[in-house]
Amino acid sequence: MPRPIQAIIHTSALSHNLQRCRRAAGDTKVWAVVKANAYGHGIDRVYESLRAADGFAMLDLAEAQRVRELGWRGPILLLEGVFEPRDLELCSRLQLWHSVHHEAQIDMLASHKTLQPHKVFLKINTGMNRLGFAPQSARSVWTRLQALPQVDEVALMTHFATADVAQPDLHAAWQLFTQCTADLPAQRSVCNSAALLRHPEIAASTDWVRPGIALYGSSPDATTSTASHSAADWGLLPTMSLRGSILAVRQLQAGQSVGYGAMFTAPAPMRIGTVACGYADGYPRTCPTGTPVLVNGYRSRIVGRISMDMLAVDLTPASTAIPASAQVGVGSEVTLWGQASGGQVLPIDEVAACAGTLGYELMCALAQRVPVLVQP
C-alpha cells in the first residue's frame, strides 16, 4: 500500500480560472504562463485545461518543446529570452517568440543564420530593475531590432514591480511605458495576474496579458498589507490540493509535549493525530503551531514542529471545529491545503502566510515523491 499522501490537480478549476482571467482581459489576448513546470502542477497535467488560451509563456526551451510535443501550434513565448546563440536554432525550429532584454541578445540575433525571421518582445525596465532596457533607449533598440533581417516582428513588454500593492507606482510605470513607446507600431504586453485583476483598464489598453498564479487558484495580492484579496474574492478556484491521512492517534495529558524540540506543550488533555506529511513532501517546516488544516473537512490546526515525514494535528473538539460526535481517527483525511474531498476549501494562501511565504512557493515546492492525481 502506498504512503497515504496525495496531491490532486483539479482540471475544471484550471479551466474556470482561465475563463476568469479572460473576463478580466476583455478582448485582450491571454498568454497562459506555465513556467516552473506550470507552477508545480506539471505542464502535461494542465495542458488540456489551458489550451483555450491564445498562447503559452514559460522560461525554458525544454518546456516550450514539451508544449509543442503536446500538440500546441499557436504562439509560445520565452519570457527571459535566449541564453546562448544556439538557443536561437531551437527558437527557429519551434517557432517561438522570445523576449529581448539586453544588448547581447540582439548581437546573437544579428549573427544568427535563419530562413525564418523571429518574433521578439522588447522588454522595457519601468521600475522592477531586473531585466529590460532603459526607457530612454526603447525607441532606438526597437528600431535596431526592426532593421534586422533575422527579425519579423518586434512587440513591447514590461513587468510591473508594484501591481500587487495599493501604490501609485504602477500608474507611474504604466505612464513611463506608454510615453517611451508612443507611436511605435507594436503589440504590447504589461499585465501579470495582479495587474490584470486589479487594473483591467490597463489590460484593455494592451494586446496581451500574462496571468500566472491566478490560473492556479492563488491570489496575486493575498499578502499585501493594503487592499489585499483572497482567491475567493477574485473568483478563483484552487487547482492543487494536498491531502494526507492520520496514521496514529495519541492522548496527551496536560504538560506533555509534541514533536522535535518539545515546541508545543498541551495545556490540558488533548487528542493528537499524526499525519503522513512533512517537509520532504514540500510542506513548509516553518509552519508554526496554529497553522490551519482540515480534518474530514473540519477546521483544525497543526501543533508542534513539522518533521521530515510527519506532522501532528489537534483532534480535540474543545480547541478545533471538530465536533465531539465526529468519527475522526486513523485513516481520516487531512487536507493540508486546497479542497477536501467533501468540498470544503483551505486556501493555499492562508497556509503560506503562516509559513511566511507565498502560495507560489508551496505549489512549486511539491516534492516528487508525492503521488499526483488529476481529476475534474
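This is a predicted model: local features need pLDDT of at least 70, side-chain atom pairs count only at pLDDT 80 or more; totals for chains, interfaces and linings use all residues.
**Entry 1: helix α5**

Is helix α5 (residues 87-94) largely enclosed by the rest of the structure, or largely open? I found 6 of the 8 residues of α5 buried, so the helix is largely enclosed by the rest of the structure. I wrote down the buried ones: Asp 87, Leu 88, Leu 90, Cys 91, Ser 92 and Leu 94. Next I looked up what these buried residues pack against, and the list reads α4 (61-69), β4 (76-78), β5 (97-100), α6 (103-111) and β6.

Gln 95 sits in the loop between α5 and β5. Its phi is positive, about 55°, although Gln 95 is not a glycine. I made a note to myself that most residues other than glycine have a negative phi.

**Entry 2: another positive phi**

I then turned to Ala 38, which is not a glycine either and has a positive phi of about 60°. I placed Ala 38 in helix α2. Is Ala 38 buried or exposed? I found a relative accessible area of 0%, so Ala 38 is buried.

**Entry 3: the whole protein**

I stepped back for a wider view. I counted 12 helices and 19 strands in the protein. The C-alpha atoms fill a box of roughly 75 × 45 × 35 Å along the principal axes. The protein has 376 residues, and 53% of them count as buried. I looked up the accessible surface too: about 15800 Å², with 52% belonging to carbon and sulfur atoms. For contacts with a separation of 6 or more, I noted that 63% join residues 24 or more positions apart.

**Entry 4: aromatic pairs**

How many aromatic pairs does the structure hold? I found 10. I looked up the pair of Trp 31 and Phe 121, whose ring centres are 6.3 Å apart with the planes at 75°, so I filed the pair as edge-to-face. Trp 31 lies in strand β2 (residues 29-33) and Phe 121 in strand β6 (residues 118-123), so this pair ties together parts that are 90 residues apart in sequence. I checked burial for both partners: Trp 31 is buried at 0% relative accessible area, and Phe 121 is buried at 0% as well.

My other pair was Trp 174 with Phe 177, which is stacked, at 6.2 Å centre to centre and 20° between the planes. I found both residues in helix α8 (residues 169-180), 3 residues apart, or about one turn of the helix. That made me jot down a reminder: an α-helix has 3.6 residues a turn, so residues three or four places apart point the same way. Trp 174 and Phe 177 are both buried.

I also noticed a cluster, in which ring pairs link Trp 31, Trp 97, Phe 121 and Trp 208.

**Entry 5: the largest pocket**

Now for the open spaces. I read a volume of about 700 Å³ for the largest pocket. Of its 35 lining residues, Lys 35, Arg 130, His 159, Asn 192 and Tyr 360 are the closest to the centre. I asked which elements give two or more residues to this lining, and they are α2 (35-39), α9 (193-198) and α12 (359-364).

I read about 250 Å³ for the second largest pocket. It has 15 lining residues, and I noted Val 258, Gly 259, Ile 272, Thr 274 and Ala 312 as nearest its centre. Which element supplies the largest share of this lining? I found that it is β10, with 4 residues. The elements with at least two lining residues each are β10 (240-252), β11 (257-258), β13 (270-275) and β16 (311-314). By class I wrote down 9 nonpolar, 4 polar and 2 charged residues.

**Entry 6: Ala 268**

My last stop was Ala 268, in the loop between β12 (264-265) and β13. I noted 32% relative accessibility, so Ala 268 counts as partly exposed. Leaving aside neighbours within four places in sequence, I found Ala 268 in contact with Leu 252, Gln 253 and Ala 254. I also looked up Gln 256, which is 12 residues from Ala 268 in sequence and 9.0 Å away in space, C-alpha to C-alpha.

Key: Residues are numbered from 1 along each chain as its sequence is written. Side-chain values use heavy atoms; hydrogens and water are left out. On a 1 Å grid over the protein atoms alone, a cavity is a set of points where a 1.4 Å probe fits but cannot get out, and a pocket is an open set with protein on both sides within 12 Å along at least five of seven lines; lining residues have an atom within 4 Å of a point. Grid points are joined across faces, edges and corners, and a volume is the space filled by probe spheres set on the points. Ala, Val, Leu, Ile, Met, Phe, Trp, Tyr, Cys and Pro count as nonpolar, Asp, Glu, Lys and Arg as charged, and the others, Gly among them, as polar. Buried means under 20% relative accessible area, exposed over 50%, partly exposed in between (1.4 Å probe, protein chains only). Contact means heavy atoms within 4.5 Å. Accessible areas come from the Shrake-Rupley method with a 1.4 Å probe; for residues, only the protein chains shown count as cover. Rings of Phe, Tyr and Trp (its six-membered ring) pair if their centres lie within 6.5 Å; planes under 30 degrees apart count as stacked, over 60 as edge-to-face and the rest as tilted.
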